[in-house]
Amino acid sequence: MSPIIKKKGEKFTLPSKYLLFILTILCTVMMLVTFGTDVFNKPLNTAVAYVIIPFQQGISKAGEWLSNRSEELVQIRSLLDENARLREEIAKLTEENTLLQQDKYELNRLRELVSLDEQYAGYNKIGARIIARDAGNWYSSFVIDKGEEDGLSVDMNVIAGGGLVGRITSVGPNWARVTSIISDNSNVSAMTLSSEDNLTVCGDLKQMANGYITFKQLMDGQDLVREGDKVVTSDISDKYLPNILIGYISAINKDANNLTKSGEIVPAVDFEHLSEILVITDKKQTVIE
């Protein structure tokens, strides 16, 4: 075998068979050293302890954080969907509850009208609803949904809520206007139910703010009338049928002439809240005739 001669200007190259032989020897030595000693264990363990394990822990925590956030997002979406569904159910239940309350209130009002109808069973009556009223807090003048086509006419008495409301003052084909006893221009011939003393009930919208109307010309020489006594329409009234409850006396004062008395009456009807009424189709003139 001839020696390897390097010519001038050529680069040194190791034949591949020698290179393979050297690498084989090196690998064998490294394997023997690795299996026979722990010379590489400490550096590797140190590298693992300071680099790989913290890196793995960081990745694990990041994965756990992302997993938690993903679960939270799923829960949030679920809660949002459930919240929207519950809102719809609440809106539906609120609407149903409102309708039920309206039905309940209407039923109670109709029961009151039925009771009132039985209380004045001697008169013919027809029910009606209020469809309009004048400005203000009180039903001093209002329009109902019945008229001439239903047999109504002027001066028919109107009742509701346990007592006298007023009378029809104008009428159309399918409507009628009612002027109540609390109107400023209203005067009703009345009497006390206990003593049958006559008096005149006067409408007074200003006093209605305090919850009462007034009366005058009470002839009570024997002082028989007391606070709390019922006041009803009298037999001598030219517009109103007799014995319809108007209200209750709340105050009595002697007039300056010492012959008559005046005072205050709390109406039997709630003139701030009216919806349905009863019209007595029997008129005072017809009854007299």
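Tyr139 is buried, at a relative accessible area of 13%, where buried means under 20%, exposed over 50% and partly exposed in between, for a 1.4 Å probe and protein chains only. Phe142 also counts as buried, with 0% relative accessibility. The model is predicted, so that local features need pLDDT of at least 70 and side-chain atom pairs count only at pLDDT 80 or more, while totals for chains, interfaces and linings use all residues. Residues are numbered from 1 along each chain as its sequence is written, and side-chain values use heavy atoms, with hydrogens and water left out.

**Aromatic ring contacts**

- The count comes to 1 aromatic pair, a pair being rings of Phe, Tyr or Trp (its six-membered ring) with centres within 6.5 Å, stacked under 30 degrees between planes, edge-to-face over 60 and tilted for the rest.
- Tyr139 and Phe142 form this edge-to-face pair, at 6.0 Å centre to centre and with 75 degrees between the planes.
- The charged end of Arg133 sits over the ring of Tyr139, 4.4 Å from the ring centre (the criterion is NZ of Lys or CZ of Arg within 6 Å of the centre and within 35 degrees of the ring normal).

**Largest pocket**

- The largest pocket holds about 170 Å³ of space (a pocket is an open set of points on a 1 Å grid, for a 1.4 Å probe, with protein on both sides within 12 Å along at least five of seven lines, and lining residues have an atom within 4 Å of a point).
- Its lining has 13 residues, with Arg167, Asn185, Ser186, Asn187 and Tyr240 nearest the centre.
- The largest share of the lining, 3 residues, comes from β6.

Technical notes
Grid points are joined across faces, edges and corners, and a volume is the space filled by probe spheres set on the points. Helices (H or I, at least four residues) and strands (E, at least two) are DSSP runs, numbered from the N terminus.
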